[in-house]
Structures are given as C-alpha cells and as structure tokens.
Amino acid sequence: MAITLQMLRSGSSGNAAIVTAGRTRILIDAGIGPRVLAKELAVMGLSVRELTGAIFTHCHSDHLRGNTLALLAREGVPIHLNEGTWEAARIREARTDLDGFPAHLVRIFDPGRPFAIDGLEIDACRIVHGQPGASNPAGDPVCFTLSDGRDTLGYATDLGHVTAAIMTHLKRADLLVLESNHDVEMERMSPRPYHVKQWIIGDAGHLSNPQAAEALVDLFEGREGGGVILAHLSEMCNTVGMARATAMDALAGRCEIAVGVANRKHATPPWELDGGRARALREEPHVPELQLFAGWPSW
C-alpha cells in the first residue's frame, strides 16, 4: 500500500503536512491556523476529526500553534510529542489554548523508542535547534521517520546542522523532506539583526542550500527511485530555483531521485511513495522567483 505525503505549508510562517497510508492519516506539525488546516483538509476530502493523530517536531510557533491544537482537542485527535516539547508548549500557551487540554489525547513519546499510530511505525531522532530568547521555546526538537514496513518517509527541518546520528536515522528514508533554508551570502547581506543571522547560520539554526545538498549526497548516493522535497525555504534569503539547482547539481551523476520543493504559502501537490519509488502526483505550479529580501522583515 502506497504512502502519500501532502505538504500543506512549509516555511517560517507555518508548517504542516499530512501523511496517508490506507485509512491512517497523520498530521506532522500544526503551525498553521485552524481555519487554514480545516480548509486544506476539505480540499483533500477530509475533516479534522478524520485525522488518526498528530505528531510534532518541536514547539516553535511556526510548527505548533495553540489554537490549532485546541481544534484538534475539540475534534478528539490525539497529539504525540515528547516531554520537553509538551512542557514548552504548556508554558508558552499558559492560560490560553492549552489550558485544560484533555489528558487522554496527549501521548508522550521518547526519542529513539519507536511508537506506532495504526499501521505506521514512527521513530524520532533528536536534533539541535533553538532560538535567541525564551518567548518562543523549541522544547526538545526531533526529526521523524515513518514506515509501513516496506517504505519509509523521512521528515527533517529546522536542523541547525546534520549530526552522524541524524544521518543514520534518515538513511532509511526512501522519500525525504529536508530543510534547505537559505543561501549563505543572501543571509549575510540581509537586513536582519546580526544576532539573528548568526543564529540562522550557526549550528542551532537552519540548514543552508549547500549543507542540505551535501547531506543528500551522503544519504542517496548510488540509489535509484527515491525522492526529496526541499522544505522550509527562507522567503527573504532563498529562492526555489537556487535551492533546487544546488541540490540537483550536487546529486547529478550520483543517484537517480526525484527532487521537489515545498511552498510556504500554499499546499504542494501530493507525493506518492510506493515500493521505494517516489513521485509527485501532479506537477508543481510555477511560482515567480522572489525578489532580493522580499518579505522583509519576515523570516
């Protein structure tokens, strides 16, 4: 049975994706508003209450929004997070959307100990990611693999840098969502505050295009039929064309995999993973390239 991935949004303004395997429907992150989530699910022919569960990479507000978690609670959707991310979410959303969140819907997992949601086995690996200041805590960030026993999907954004443990964890993925956040020179030239630039470029920030490309070569060299979706592109300091070209140039002659790019403002056409082969089910719509520092001061 094929695994289908639908990226609903991917970027600093909000992240969410739907993984479908048979009747299992899992939401990865809920960094978009409840109305947007409900609308995108309706386009897919689904309602919120039909979600089997939701899993969370970390607590930054572009990945976990309290009002969207409140919607999941009202519709009886279990949420799966680790202890550090749940505690950070409760602190940030104190006395608001998470006050009185139903305890029976909170499922705490331990990174490194796989758990199952219906027919999918999910495994989480710790990553390094933070942010200056304490107003938007990350919690205990992780990346994921999801497997039906035949095919494996990897989901890894907000990485900061790629450790040996992360590489081992993601090596099993046939289809991988991988952050390709910024062009280093655009980042350095941007009008962002110096400390923000240093955080983004540093080991606890976000992967650059070359860092993502280097990781992809290590993960997919010599392989055929898999795929990667480049994700979490910076609106200010990257373009779809730059991210895609950097990855494809690095992979040329080393492997035969499909390369796509997720969008920050609208849903990306769904991808299918079946028997180790990954493909987009529709062509990505053409999006005009962004202008230098477009969207400032957003990141």
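These notebook entries record what I looked up in a predicted model of one protein chain.

I number residues from 1 along the chain as its sequence is written, and side-chain values use heavy atoms, with hydrogens and water left out.

Overall fold. I looked up the secondary structure and found eight helices and 15 strands, taken as DSSP runs (H or I of at least four residues for helices, E of at least two for strands) and numbered from the N terminus. I also noted that 57% of the 299 residues count as buried, meaning under 20% relative accessible area with a 1.4 Å probe, protein chains only.

Aromatic pairs. A search of the whole structure gave me three aromatic pairs, where rings of Phe, Tyr and Trp (its six-membered ring) pair if their centres lie within 6.5 Å, and planes over 60 degrees apart count as edge-to-face. The rings of tryptophan 86 and phenylalanine 101 have centres 5.7 Å apart and planes at 65 degrees, so I recorded this pair as edge-to-face. Tryptophan 86 sits in helix α3 (residues 83-92), and phenylalanine 101 in the loop between α3 and β6 (106-109), 15 residues apart.

I then turned to phenylalanine 109 and phenylalanine 144, an edge-to-face pair at 5.9 Å centre to centre with 65 degrees between the planes. Phenylalanine 109 lies in strand β6 and phenylalanine 144 in strand β9 (residues 142-147), so the pair ties together parts 35 residues apart in sequence. Both of these phenylalanines are buried, and together with Phe115 they form one aromatic cluster.

Note on methods
Predicted model: local features only at pLDDT ≥ 70, side-chain atom pairs only at ≥ 80, totals over all residues. Buried < 20%, exposed > 50% of the residue type's maximum accessible area, 1.4 Å probe, protein only. Phe/Tyr/Trp six-rings, centres within 6.5 Å; stacked < 30°, edge-to-face > 60°.
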